[in-house]
Amino acid sequence: MILNLKMKIKTYKCEYCEKKYKDEKIFLKHKCRFKERYENKTKKINQLGFLLFEQHHTLLQGAKIKKTYGDFVKSSLYKLFINLATYVLETKVLYPEKYLNFLICNKIRTQLWNKDVSYEKYILDLLEKESMFDGVSRTLKLMQSWAIKNNDTYNNFFKKAPKPLIYYYITQGEISPWVLYCSKSGLNFLKSLLDEEIEKLKPFINPFSWRRKLIINKKEVEFLTDLFTRENI
Ligand SMILES: [Zn+2]
């Protein structure tokens, strides 16, 4: 009888990269990029990156099968979406899912996804195309949060908030031209700007196209003018 002297040696396998170890201590210290990506699963950036990755998959493939976080971790697009999520959080991108949609529909190169030049194009498109309701409600929310922070009333926003702050919000798409052009304090703010300031804001407030837009949308303009007069905005 031949004895089988071969000892059964226990091995440890990393479930993420499949690397095998004989020594448990070394195995426990093992690090790899996939393991790290898994460990970051609950981080805000990873959650958002995964959400956008899923949306991208749905948009491009009309996906019937949902992507899992595991698919994301192993995907060659992982870094792209983590970078995009980082940009979205740092820049406080308005409606991240709409932004991704814009990038894809306009075939913007992935290298430019986290660049201000692309975000500005998106903002200009958003301000032009969004509904009056969406633009006005976003602006009113901004005015309200300013009022809370400054212990003031929201209708004082254009009258009292620092000019550079309002200017900045306009360039970030936070303030809709619907409010600027249909409220007394909004128009007064525009009047208070210097020529060179107006010149820089032009893409965002597009006076030429908005003049036409306001003429065409008479009912909306009447509604807003009434509302803003009543609210003393
Ligand atoms: Zn591993």
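## A helix pair

Tyr167, Ile170 and Thr171 in α10 meet Glu197, Leu201, Phe204 and Ile205 in α13, where contact means C-beta atoms, placed from the backbone, within 7 Å. Five nonpolar residues, one polar and one charged make up this contact; Ala, Val, Leu, Ile, Met, Phe, Trp, Tyr, Cys and Pro count as nonpolar, Asp, Glu, Lys and Arg as charged, and the others, Gly among them, as polar.

Helix α10 covers residues 163–171 and helix α13 residues 195–205, with an angle of about 35° and 9 Å between their axes. The axes are lines fitted to C-alpha atoms, for helices over the stretch in contact, and angles run from 0 to 180 degrees between N-to-C directions.

## About the model

This is a predicted model: local features need pLDDT of at least 70 and side-chain atom pairs pLDDT 80 or more, while totals for chains, interfaces and linings use all residues. Residue numbers start from 1 along each chain as its sequence is written.

## Two domains

An automatic or database assignment gives domain 1 (42–126) and domain 2 (130–230). Their centres, taken over C-alpha atoms, are 29 Å apart. Four residues of domain 1 are in contact with four of domain 2, and on the domain 1 side these are four nonpolar, no polar and no charged.

## The whole protein

The protein has 15 helices and two strands, which are DSSP runs (H or I, at least four residues; E, at least two) numbered from the N terminus. The C-alpha trace spans about 100 × 40 × 30 Å along its principal axes.

Technical notes
Two residues are in contact if their C-beta atoms, placed from the backbone, lie within 7 Å.
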